Amino acid sequence: MNHTNQKINNNKEYFISEFQKHFDGIPRIFRAPGRINLIGGHTDYNEGFVLPILLNQYTTVAITPRNDYQLHVWSENMNELLTFSIKDLKPNGNWSDYIVGVAKELLDENFLLSGANVCIKSEIPIGGGLSSSAAVEVAIAKGFLSLVGNTMNKSKVARICQRAENKFVGMKSGIMDQFVIVQGKINHVLFLDCRSLEFEHISLPTDNIRFVVCNTKITHKLGASAYNKRIIECEEGVRLLQEVYPNINALRDVSLRQLTNLKNTLPNVIQRRCYHVISENERVIKSAAAIKQNQFALLGNLINESHDSLRDNYEVSCNELNIMVELARELPGVLGARLTGGGFGGCTITLVETEYVENFTQEISTKYEQKTGLIPEIYVSEPAGGAFELV
Ligand code: ADP
Ligand code: MG
């Protein structure tokens, strides 16, 4: 524990000096982690359940105030400085939308921003399905709030960031990413009801099991339009199901039996999308129970079923994700593997017995490279805590 604190303190001087390469003054510093979703793929925008954990990889925002209603933002990852007038914030169709969107949402909530200098640096792979987008939103939201008196509760911060992504970026993503990034707890998984936002931190035993993230190195560039298409298909499913079950509001409200009753009347694609979401919600609930009872073989099976359903029913996997998952499942000590995040590229999550982790990371790297010609990145994650200020 002391060791971790020590490391964080050291980082602070580093981030201040990075900031001072671009701006004057001593900034406040905010860090927001990336996330992986153990299970619960594409359930959040269907008002269902998810089970994410946080990674020990962060996006860091260093910030000082300005009084001239200018926003000057340097991104180390983009190697670019962009400037804006706070009085005229609109989508620009580039990386700044995630930052400007959050500023705009805060202004619309009557937080009186008068400008800022901002320096951003991310350790989270960008476009890799670990939600570098929500991490940058949450870190910048905390930064802006620190300039105007930080009074907003965590759930509201998550909502503001989600709205920024929905409205400014046009990504109609659910609440999971932003919510876990503000609320996640070290060595716990977050069991979240995306309708009520009620949540439970479930303790994860850290001795016998490791969560290993394998980055296919395929970014999900084409994912946004396909992602939004899935949302439209789910909405269409709800509309058709409402003709028979008028009381449902979201796929969250539909049972597998109700869906099966209408199997022959729904268009095949819509039926399969609905089947995935409804069965996935059941798997999330079973997974939460399995973790509480230390039943990791069962959790592994549910994770495998989740991937297969995302691949076959929801059709958001891709060749490289399937290869990574298949290779993982053949290795010793592996309990389950699935794609994590929205799909179409990015990362997989594999549940591995601790004693096999070293062998796993070596074998999967070699085998994936042999099969695809791509060199993957492997992260053995220790579930981290939520976004925080470095003090
Ligand atoms: P993911 O969230 O899976 O990493 P997204 O496509 O949702 O992928 O979000 C990636 C986008 O978020 C980037 O293309 C960029 O616009 C923005 N972004 C994330 N991190 C940074 C950063 N450090 N600096 C600037 N923009 C960033
Ligand atoms: Mg994202």
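## The surroundings of ligand 1

In this predicted model, ligand 1 is surrounded by 17 residues, and the closest of them are Ser75, Gly127, Ser132, Ser133 and His220. By class, the shell around ligand 1 holds seven nonpolar residues, ten polar residues and no charged residue. Two elements, strand 6 (115–122) and helix 3 (132–148), each contribute at least two residues to this shell. The space that ligand 1 takes up is the largest pocket.

| Residue | Atom of the residue | Atom of ligand 1 | Distance |
|---|---|---|---|
| Ser75 | side-chain N or O | nitrogen | 2.8 Å |
| Gly127 | backbone N or O | oxygen | 2.8 Å |
| Ser132 | polar side-chain atom | oxygen | 2.7 Å |

On its own, ligand 1 has 560 Å² of accessible area, of which the protein covers 86%.

Arg66 is located in the loop that runs between strand 3 (52–65) and strand 4 (70–75). Is Arg66 buried or exposed? Its relative accessible area is 18%, and Arg66 therefore counts as buried, the cut-off being under 20%. The side chain of Arg66 also forms a polar contact of 2.8 Å with the side chain of Asn117.

Technical notes
Residues numbered from 1 in each chain as written. Chains lettered and ligands numbered in written order. Predicted model: local features only at pLDDT ≥ 70, side-chain atom pairs only at ≥ 80, totals over all residues. Heavy atoms only, no water. Near = heavy atom within 4 Å. Polar contact = N/O pair within 3.5 Å; in protein donor to acceptor, adjacent residues only side chain to side chain. Areas by Shrake-Rupley, 256 points an atom, 1.4 Å probe, with all protein chains shown as cover. 1 Å grid on protein atoms, 1.4 Å probe; cavity = no way out; pocket = protein on both sides within 12 Å on 5 of 7 lines; lining within 4 Å. Sits in = over half its atoms within 2 Å of the grid points. Helix = DSSP H or I, 4+ residues; strand = E, 2+ residues; numbered from the N terminus. Nonpolar A, V, L, I, M, F, W, Y, C, P; charged D, E, K, R; others polar. Buried < 20%, exposed > 50% of the residue type's maximum accessible area, 1.4 Å probe, protein only.
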